[in-house]
Amino acid sequence: MKPAPFSFCAPGDLAGVLEALAANGEDGRILAGGQSLVPLMNLRLVRPEMLISINRCSELDYLRLEGDSLVCGALVRQARAEESDLVQEECPLLAMALPYVGGQANRNRGTICGSLAHGDPLAELSAAALVLDGEMRIAARDGQRTVAAEDFFLDGLTTALQPGEMLAAVAFQRQGGDERSAFLEMGNREHGFAVAAVATRLGMVGGRCEFARIAMLGAGPTARRIRAAEEILTDSEVDDAAIERAVTAAHDIIEAPSDLHADGEFRRHVLTTLLERALRQAMAGE
Amino acid sequence: MSDTPNYVGQAILRREDDYLLRGQGRFIDDLPTPGDTLHLGFVLSPHAHARILGVDGSQALALDGVTAVLVGDDLAKLVQAPFAEIEFPGYHVHGRDVIARQIVRFVGETVAVVVARSPYLAQDAIELVEVEYDPLPACADLESATSPDAPQVHDDIPNNTIFKGDFTTPDFEAAFEGAEHVIRERFRSGRVGGVPLEPRGCLALPEHGDGLVFYSSTQVPHLLRTALARFMEHPESRIRVIVPEVGGGFGTKAQIYPEEFIAAALALKYRRPVKWIQDRREELLTDIHARDHIYDVEIAFNGEGIVQALRADITTNAGAYSSLPFGCTLETTGGARMIVGPYRITNYTYNARAVATHTAPSGAYRGVAQPSCFMAIEGLMDRIARQLSLDPAAVRLANMVPTAELPWTNVVGVRYDTGSFMESLQRAMEMIDYEGFRKRQPADRLVDGKYRGIGIASFTEVSGTGAPGWRARGLVRMPGFDSGIVTVEPTGKITAYVSHAHAGQGHYTTFAQVVADALGADFEDVTIVEGDTATTPYGTNTFASRSAVTGGGALIRAATKVREKMRRIAAHVLETASEDIVIEAGRAHVAGVPEHGLSFLEIAETAYSMNNHTLPDGDGYGLEETDFYDPPLVTMANATHIVEVAVDADDGRVRIENYAVVHDCGRLINPMIVDGQIHGGAAQGIGEALMEEFVYDGEGQLQNASLLDYLLPTSEDVPMFKVEHIESPSIDTVGGFKGVGEGGLIGAVPAVLNAVGDALAGLDININVKPLRPTLLGNLIREARRDRL
Amino acid sequence: MPEKIEVTLTINGETRRGLAEPRLLLADFLRHELGLMGAHIGCEHGVCGACTILIDGRTARSCLHFAVALDGAVIDTVEGLAGPDELHPIQEAFHQNHALQCGYCTSGFLLTTLEFLRRNPDPDEDEIRRALTNNLCRCTGYTNIVKAVAEAAAALRAAD
């Protein structure tokens with residue numbers, strides 16, 4: 001279990017990284033924290049010809065507010081975000097999701113953008129990006145584009161990123177006003193890889209839910225929004241009846257895959273349980 | 001053994017810790033590797049069953065740094081196909097080529113070896129070896145493997161039945177038919193493995209022409225050396241096996257594997273150092289697996305819950321080959337012979353079979369058979385209790401052999417010399433407030449939204465097996481004895497050599513405690529040497545909870561001989577009778593006159609002719625004695641585990657809330673280390689009960705050959721274990737020790753299963769399989785609740 | 001085959017240089033190029049934690065890093081914990097509590113504990129268990145490791 005040979009470069013700025021990406025096309029891969037990529041390289045399931053480290057690009061290491069957004073550059077490590085007051089205050093949902101990402105040693109090195117770009121179907125941050133209306137800022141030598149988080153995750157380990165492109169930043173919507181959030185996850189061990197997870201975000205105005213965002217992991221081939229449940233809660237009080245209706249609506253549209261770790265029917269049941277718990281926990285303001 | 005031990009029984013901190021904590025333990029991959037070392041890489045079969053049509057290594061050979069690509073026929077010239085030497089009625093002995101020649105029989109079987117300058121290059125070369133296969137239908141599933149249309153694993157083994165055995169007591173039928181009640185159940189035990197944190201590896205260094213120094217991460221250096229010599233037809237005296245620090249064994253490393261033969265043979269062939277370090281994927285695919293058992297059992301009992309007769313039909317998955325050195329029946333005959341446990345079951349019959357499938361070979365993993373057979377018998381005890389509305393503890397107590405009736409010989413002829421079956425159960429019940437739990441527990445078991453239950457496992461633990469025990473199971477070449485050499489050096493310090501090899505058990509500490517007491521020496525003066533065939537005497541080595549019994553016994557015997565000689569020398573020098581000499585605390589002196597004595601140094605100088613004293617008549621030079629110890633059939637320890645669990649009604653997860661163990665391994669050498677063995681075993685048992693399982697699909701593909709997918713328990717999945725001991729010293733063994741290595745695991749599996757069964761009893765959910773993963777329990781709970789609406 | 005690249009690291013306070021081809025894992029570089037054998041390789045896919053070291057003061061899996069990508073980094077390994085005469089308080093607590101058996105996973109646990117106790121000097125049992133949950137031990141059943149971490153925390157607090 002050793003990686004296949006590759007060439008390596010570590011440009012000092014983003015322009016250099018994008019140049020290297022363009023030059024290598026499909027054969028180039030970005031190395032940030034490596035926590036998703038290197039296991040696959042060790043198993044030789046991924047074998048780039050050129051590995052382009054962004055670790056010398058200090059310009060990508062920023063976490064800042066831009067208008068309604070909290071923007072996180074490609075070199076922001078998960079642990080740093082987890083410990084950041086800015087994240088705690090502006091995007092508490094993100095702060096709730098981060099502790100579930102790998103272990104401390106993984107979060108110390110792994111980046112937010114790296115996890116998102118990897119596109120693991122059970123990656124906590126993909127659910128967080130969905131409920132925080134994430135805007136994926138994609139850079140390439142020949143220009144930049146943005147893609148909504150919802151259009152970014154296409155399938156397991158497949159994202160909207162094209163050869164020559166990298167995820168240079170992600171902008172999360174700031175959680176202002178009276179927002180209630182919860183992130184819950186269940187795995188086969190007390191701590192481990194998710195079997196299912198739910199992220200919820202409720203914008204409350206005067207006791208009513210003005211907007212709702214619900215995303216699930218394990219409810220389809222990628223993280224997905226559960227709009228049917230969001231719609232039931234929107235413009236409604238979030239009482240027992242509404243929660244029950246939202247959970248039922250979610251139950252009917254979950255397409256949970258079966259795999260080694262859980263069968264689909266069980267996943268669906270767990271997801272509805274987690275949704276109910278998450279909504280109650282969010283409303284309890286815990 | 002001296003009458004007043006100073007060290008045995010003490011929780012002495014380990015000598016091993018200092019170097020291990022500093023990162024200075026030298027494990028196999030930490031050893032200095034000569035610059036011209038050749039690194040091996042193995043090409044593994046992706047098919048569970050296929051004909052090998054051709055292997056083309058030319059592309060791999062073209063790679064700079066790759067020196068050879070060898071196939072089965074090449075290795076067959078260097079190594080005969082090793083086979084486990086089993087002589088047992090109903091057993092089909094078969095060999096396994098170290099590299100498959102015509103047919104591959106499980107995913108992960110070696111089809112070629114590459115030889116390269118570095119491990120990275122070896123991996124590159126593996127990818128370039130082209131193997132052409134003709135895939136054949138595979139049979140991976142135990143349930144269907146004996147059906148007439150199942151694919152055959154070996155042409156000469158009909159119905160894939162490698163072994164079949166049976167036994168019955170004369171009055172079985174009458175007792176069974178005459179009983180008031182019968183419960184039948186099928187228990188299904190999932191497939192697991194030892195998964196030590198350190199994978200396997202070896203380093204073969206040629207020396208002095210055809211000599212070989214062979215380092216291996218093994219538990220069985222002497223057995224390995226003999227096997228290398230025998231199957232390579234190389235003089236055993238030209239081979240030295242050394243065991244470096246070993247990162248966990250658990251039985252997995254007590255097997256002798258094809259890679260070891262290949263590395264040894266190629267080092268001799270190329271006359272160059274050869275190294276191989278296994279990676280985790282290879283470990284999960286190719287190391288021995290265990291369990292994968294079906295127990296169809298019927299128990300007949302009277303209205304008081306007293307067992308009248310037991311019938312067991314046991315099927316175990318042997319995998320594709322009998323592994324070395326135990327063959328594939330350890331778990332088959334083991335379960336059949338151990339299932340009666342601490343209970344007075346006198347009418348018994350079994351049918352047991354080992355079945356070949358296209359899966360990894362099975363072998364000895366901690367607990368061997370006992371987690372499964374006690375899952376069955378302890379599960380039945382709970383079912384008797386439920387059927388008769390009795391308490392499960394009461395049913396057990398009513399059936400146990402009381403201490404007053406020991407020694408007791410069980411129905412298959414195994415003697416329980418001493419023990420504490422009832423006492424260990426009663427004490428464990430007190431530790432965990434069993435009665436209080438039962439009083440608080442509502443009929444529906446629901447407390448704070450979770451199903452809460454308590455489970456008991458009382459069991460016997462086979463340890464310290466001697467030659468008769470191995471013969472009884474057909475292992476004709478398994479010695480049984482272990483041995484020790486105790487040397488008092490010219491400076492009076494002591495070196496003790498023992499035929500064992502540690503993998504974390506703390507032998508440097510515990511054996512030194514034993515030797516110090518047996519010799520009357522200062523603990524600090526005793527050094528233990530093991531794991532090196534050039535310096536240690538021959539033995540059966542380290543597995544199956546044997547070291548304390550066999551190594552301890554051998555060292556006591558050797559030390560006792562040395563002590564007697566020291567006593568004679570001291571008496572001679574001090575001009576008194578040797579009966580008047582007392583040896584304690586590193587000194588020999590005249591009884592009652594402590595100041596009239598000699599230090600070990602002074603005795604040693606006499607023995608080594610380094611002063612002007614003469615030796616007593618009849619005694620030669622030196623202070624060194626060798627002795628052997630072969631324990632009886634087996635040495636039986638016992639224990640009770642009681643576990644409280646909470647089962648989440650929605651997500652099906654089991655949380656262990658409280659865990660008590662009362663263990664009896666006879667005389668304790670080091671209680672701290674014994675506790676550690678129990679903690680670690682119990683954690684593995686919790687893993688086996690709740691999450692661990694190798695899953696093969698219908699084509700024989702292993703679905704979870706990574707630690708992302710084969711789940712091991714972590715710090716959050718296990719509780720603080722509370723452990724107490726009862727000491728019933730063995731009267732059949734030297735030293736009174738019984739083994740302890742496996743009990744933690746053996747008890748945890750049935751205790752956890754019974755606790756979950758108890759928690760879900762209100763829903764009438766029948767717990768008869770493991771592991772109990774959330775998806776299984778969650779679905780069972782949901783269905784049961786739906787049925788109730 | 002890509003060229004070897006010179007890598008300079010500050011390891012346990014010492015500047016160390018070596019040559020590494022790009023694909024050489026940090027774990028292999030430390031172990032086989034620099035001779036620091038304390039970090040062990042248990043899975044090479046980032047699950048077991050036996051290869052845990054500190055990079056720039058924080059725990060990391062040395063099997064999930066390429067040496068060439070860390071040029072200039074500050075690395076701490078188990079070899080830097082103890083002095084010649086005495087163990088670090090965390091090591092001492094592991095010794096006193098029999099928190100290691102085979103010792104293969106131990107360096108990873110020690111460094112994980114070191115980072116954890118800097119962050120949380122007075123943890124309760126649940127916090128300790130959560131902090132250790134990404135390091136696998138197959139020998140101890142964790143009971144004594146949890147006790148050792150609690151005792152190490154107390155010792156380090158007392159020393160402050």
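Two strands pair if DSSP finds at least two bridges between them, strands being DSSP runs (E, at least two residues) and helices likewise (H or I, at least four), numbered from the N terminus. This is a predicted model, in which local features need pLDDT of at least 70 and side-chain atom pairs count only at pLDDT 80 or more, whereas totals for chains, interfaces and linings use all residues. Residues are numbered from 1 along each chain as its sequence is written, chains are lettered from A in the order written, and side-chain values use heavy atoms without hydrogens or water.

Next, show β12(A), residues 194-205, joined to β13(A) by 9 antiparallel bridges, with A199(A) partnered by A215(A). In the hairpin of these two strands, G206(A) takes a positive phi near 55 degrees.

Turn now to chains A and C. Their contact (heavy atoms within 4.5 Å) takes 29 residues from each of the two chains. Together they bury about 2400 Å² (accessible area lost on being put together, 1.4 Å probe, summed over both). F6(A), F8(A) and R109(A) supply 21% of the area that chain A buries against chain C.

Finally, select K2(A) and E44(C), whose side chains meet in a salt bridge (Lys or Arg side-chain nitrogen within 4 Å of an Asp or Glu carboxyl oxygen) at 2.7 Å, N to O.

Definitions and conventions
Buried area = accessible area lost by both parts, 1.4 Å probe.
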